[in-house]
Amino acid sequence: MMKLLSTLALLLLVQVTFGKPPGRDPERNFEAFWQIFHRQYAHFETRNVDWQQQYNRFRSRVTAGTSDEQLLTIFNEMVAPLKDGHVVISPTGDLPASAKYARFHNEFPTKDLQKQFHQVTLSVLQANGFGPFVRFDSAPYDIGGYTRSTDYGYLLVNGFGGMPLDRFSAQLDQMIDSFADVKAVIIDIRINGGGDPGFLSALTGRLTDVKRLIGYGRTRTGRQPHEFSRWSTYYLSPQATRRLVKPTVLLTSGASISAADHCAMVLKQLPYVRLVGENTNGMFSSMLGKRLPNGWALSLSHQQYVDAKRRSYEGVGVPVDVEVRHHRSDLQRGHDPALERAFEVLRIETPALAQQTVCPEQIALNYFADSLLPGKVYGDMAGYSTGLVEEDATLLSPFAARCASLQVSNGPNGLMSRITTEQNPDSTFYRANVQNRLYVECPKSLRPKRLWILGRRKSRLTVSHHIAIGDKYYVRLNLHEGAWKGKTVLIVLNTNGQVIEHCALNYDYASGQGYL
């Protein structure tokens, strides 16, 4: 008995002398916590937080006697000024992203209120002639669904995940078939907790016919605040054979977070999409998970993303084109003002937005491949060079005497006026051609051949960005034969995307004669 008491006394002495086990030492965990954010959090400057100042402010509050409850409170107080819903500290290991800092979340903070919000939306849809709501097969999760009226389709997406990707993709294709003859589409991501980028791409890839540059991203890599990886380039690429390229309104709010932020940033760059509602939340990074010595889990934002024009929406959200604030009082009256405004936007803007769904470059390239190339109207070629060449109106001037459409357009607001305007570096030329990058899809008949080494190399083709003059689009296809020689084909389209004229000129820059 005496031996047992001696052992217990020794253990008690060790506990009193050395405090808590090393992994649970509050001071050690504080230092580890601060260092993890110091080395890997990507948005101190963006969110106007001095992390060293936070260390100085809170360090003295942590001692060897600080309880777990007190330490958790201190950690949460330290990160609160970031207002970043991807920053979570959890003793249990559960790390859910949150929209808790958004105004929308303050209006509708509970699942019951958010459920009522969706019910009111469906009631407004039914009152406007929409049919039964088809829910996605995503049980036990409610990922959303779709419905339609005579003129409009409505898609609700509550999250990007919740089922196998192939099942989600198949249901999107069914929706697109259902929306085949609608004039426009409303996509609702106002209460969307984000999810898997693959699901996001499955949706957005069905909303475009062309590959587009949509942004850049980079990751924190070191101790210094400005140590990042190099910027990586991100594209929106067409997916599947069924696509829904129509005038679109995207409904957003502060509860559109993470992958939903990315969805808004991508779709905002499509010329036939309008954003209605409130700014998204503004948290674009994935959640980097870490563990403290005491076993607590935490997550933080370690990446930065910007759009194709290098604009950052971190912390402020993707801005809407038409602002409509959401209030609980509207819910109580059975109104959905943002949805009602979406109907108004589509009634007014659908004809103009429909013209923006036309991609003159893609139509011209397809016309060449399907109609001109088989009959060798302008010769043969070996392959299409990926990407698009920047265009300016001076390169259309050699066609002025040959292209009837240019002759008609060459008035006060025609070709010469456009050439003069483009001398200004802030002109439409630079805004349309340099800042907005897209890449047309290559038809099979234009893909590079691998037999050039065995015989005479034929022409390669590049496509120039279209020039809009008057009510027509002008697209040049350049057939390069090598040695600065080749042919340039001009294809003219109307605003509905119909080819109305085409002609060609030979060029030989090596001879000094230019166009022949």
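Predicted model: local features only at pLDDT ≥ 70, side-chain atom pairs only at ≥ 80, totals over all residues.
Residues are numbered from 1 along each chain as its sequence is written.

**View 1. The protein chain overall.** The chain holds 15 helices and 21 strands, taken as DSSP runs numbered from the N terminus (helices H or I, at least four residues; strands E, at least two). Of its 516 residues, 49% are buried, meaning under 20% relative accessible area, with exposed over 50% and partly exposed in between (1.4 Å probe, protein chains only).

**View 2. Packing of helix α2 against helix α4.** Helix α2 (residues 26-40) and helix α4 (residues 68-79) pack at about 20 degrees with axes 11 Å apart, and so count as roughly parallel (angles under 35 degrees). Residues in contact (heavy atoms within 4.5 Å) include F30, F33 and W34 of α2 and L71, I74 and F75 of α4.

**View 3. A cis peptide bond at P140.** The bond joining A139 and P140 is cis, with omega about 10 degrees, and P140 is found in the loop between β2 (134-135) and β3 (144-148).

View 4. Most residues other than glycine have a negative phi. K83, in the loop between α4 and β1 (88-90), has a positive phi of about 50 degrees and is exposed, at 53% relative accessible area. R310, between β12 (303-307) and β13 (322-323), has a positive phi near 60 degrees and is partly exposed, at 47%.

Note on methods: Heavy atoms only, no water. Axes fitted to C-alpha atoms, helices over the stretch in contact; angles between N-to-C directions. Parallel < 35°, antiparallel > 145°, perpendicular 65-115°, else oblique.
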